[in-house]
Amino acid sequence: MATDLHFSLPDVLRLAEHAVASRRHRRTYEETLTGTACPGAALEWVTDRGTYLTSNGRPRLLPDPHDDTTGHAVYAHGWGRDSDRRALARTDVGDNDFCKHLHLTGADGDPLLQMLRHATAAHYPWFVITVDGADLDVSCRTDGPTT
């Protein structure tokens with residue numbers, strides 16, 4: 001059964017705007033291993049302690065400008081730092097730590113960035129990552145989490 005991860009859309013748009021405004025972008029682990037250049041601005045979807053989104057823009061976006069020990073993260077509803085890791089492992093997200101880029105811009109323009117901007121302007125509250133087996137889909141929605 002598919003797993004929907006709900007993130008606060010206004011907070012996600014803040015991350016996206018930071019990423020596109022940045023001149024440098026952090027590569028994923030796979031890009032670093034293969035020596036592949038990062039294609040540009042992206043949201044980083046991370047799973048380790050909880051599951052969350054960050055900006056790949058550098059310098060990183062800080063939640064507190066006086067504390068640079070951690071970057072700003074937007075956690076999925078119900079899957080914060082102290083959430084049950086075993087429960088997340090039982091979903092299609094799984095139990096492996098990872099960082100995947102959700103590219104905001106690309107050769108075809110900036111469809112993800114535009115989707116975030118339009119949905120925020122239309123007062124949609126949620127950015128949703130749907131994981132169904134190996135398939136991944138993103139959307140903006142008015143319906144919230146069921147838990």
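Trainee: What should I keep in mind about the numbering and the model before we start?

Mentor: Residues are numbered from 1 along each chain as its sequence is written, and side-chain values use heavy atoms, with hydrogens and water left out. Because the model is predicted, local features need pLDDT of at least 70 and side-chain atom pairs count only at pLDDT 80 or more, while totals for chains, interfaces and linings use all residues.

Trainee: Why is F7 called buried?

Mentor: Buried means under 20% relative accessible area, exposed over 50%, and partly exposed in between, with a 1.4 Å probe and protein chains only. F7 has a relative accessible area of 0%, so F7 is buried. Its place is in strand β1, residues 3-8, where strands (E, at least two residues) and helices (H or I, at least four) are DSSP runs numbered from the N terminus.

Trainee: Which residues does F7 touch?

Mentor: Contact means heavy atoms within 4.5 Å, and, leaving aside residues up to four places away in sequence, F7 touches several residues, including V12, W45, L53, W126 and F127.

Trainee: What makes a group of residues a nonpolar core?

Mentor: A nonpolar core is a set of buried Ala, Val, Leu, Ile, Met, Phe, Trp, Tyr and Cys residues joined through side-chain atoms within 4.5 Å. The largest one has 30 residues, of which F7, W45, L53, L116 and F127 touch the most other members. Its largest share, 6 residues, comes from α1.

Trainee: How do you know that the buried residues of helix α4 lie on the same side?

Mentor: In α4, residues 111-121, the buried residues are L112, L113, L116 and A119. The arc is that of the directions from the helix axis to the C-beta atoms, and these residues cover only 140° of it, so they are on the same side of α4. On the other side of α4, P111, H118 and A121 are exposed.

Trainee: Are C99 and C140 buried or exposed?

Mentor: C99 has 18% relative accessibility and so counts as buried, and C140, with a relative accessible area of 14%, is buried as well. C140 is also among the residues that L116 touches.
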